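Colleague: Could you walk me through one spot in this model? I'd like a close look at a single side chain and its surroundings.

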Amino acid sequence: MSSTPPNPARASERIGGVYIVPLRAFSDDRGYFFESFRRSWIPGVGDMVQGNVSFSQAGVLRGMHYHLKQADFWLVPSGRVRAALFDLRVSSPTRGHTEMLDLGQDHPFGLYIPKGVAHGFCAVVDSFMTYLVDEYYDNSDERGVRWDDPALGLDWQVKKAIVSERDQENPMLADIPADALPR
């Protein structure tokens, strides 16, 4: 097995501060191994201090969420999700831009999401996600915007999403006060 790290992260061409990290698996007849995170892959990233796991049945849509204090690094080792990003940051040159990409075992990428970028995902099939965050959980930093708000311009490509009551109650973008948006 090589000690060479996977290909370096590539910056998103659509949203500033987002990085897509190609992952390389080393496999044999027993299975496979891959590195799931290295701080050196993403320029300027701080320490990740908490790891979380999410399992979602096919059709579950989680989001859109955003944080003022926390960045995320997503990885989907099993299944497939359609990830959606929307830049809410008032001072960002890519404000209002979107990006959608598939993550999963057939799409081996890690996804770094900076503070202030709204994010969500829909499980295309039953999926297992791990994610790292650079701040400990703080429910006062849990923010959201409606997943189906036409102002976001997201095409989830799902017929019927299974969405939590909490996410259904997220406000439309136009209803979020300007002073509550990330800078």
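Which backbone nitrogen does the side chain of aspartate 149 reach?

Modeller: That would be the backbone nitrogen of alanine 151, at 2.8 Å. Before going on, some ground rules: this is a predicted model, where local features need pLDDT of at least 70, side-chain atom pairs count only at pLDDT 80 or more, and totals for chains, interfaces and linings use all residues. Residues are numbered from 1 along each chain as its sequence is written, and side-chain values use heavy atoms, with hydrogens and water left out.

Now, the setting. Aspartate 149 sits in the loop that runs between β13 (143-144) and β14 (162-163); strands here are DSSP runs of E, at least two residues, numbered from the N terminus.

What about charge? Aspartate 149 is buried, as in under 20% relative accessible area with a 1.4 Å probe, protein chains only. Even so, aspartate 149 has no salt bridge, a term that asks for a side-chain nitrogen of Lys or Arg within 4 Å of a carboxyl oxygen of Asp or Glu. The nearest side chain of opposite charge belongs to arginine 146, and that is 7.6 Å away; for this count Lys and Arg are positive, Asp and Glu negative, and His and the chain ends are not counted.

Elsewhere in the model there's an open sheet of 6 strands with antiparallel pairing, in the order β1-β2-β10-β7-β12-β5.

How values were computed:
Helix = DSSP H or I, 4+ residues; strand = E, 2+ residues; numbered from the N terminus. Buried < 20%, exposed > 50% of the residue type's maximum accessible area, 1.4 Å probe, protein only. Polar contact = N/O pair within 3.5 Å; in protein donor to acceptor, adjacent residues only side chain to side chain. Pairing = 2+ DSSP bridges.
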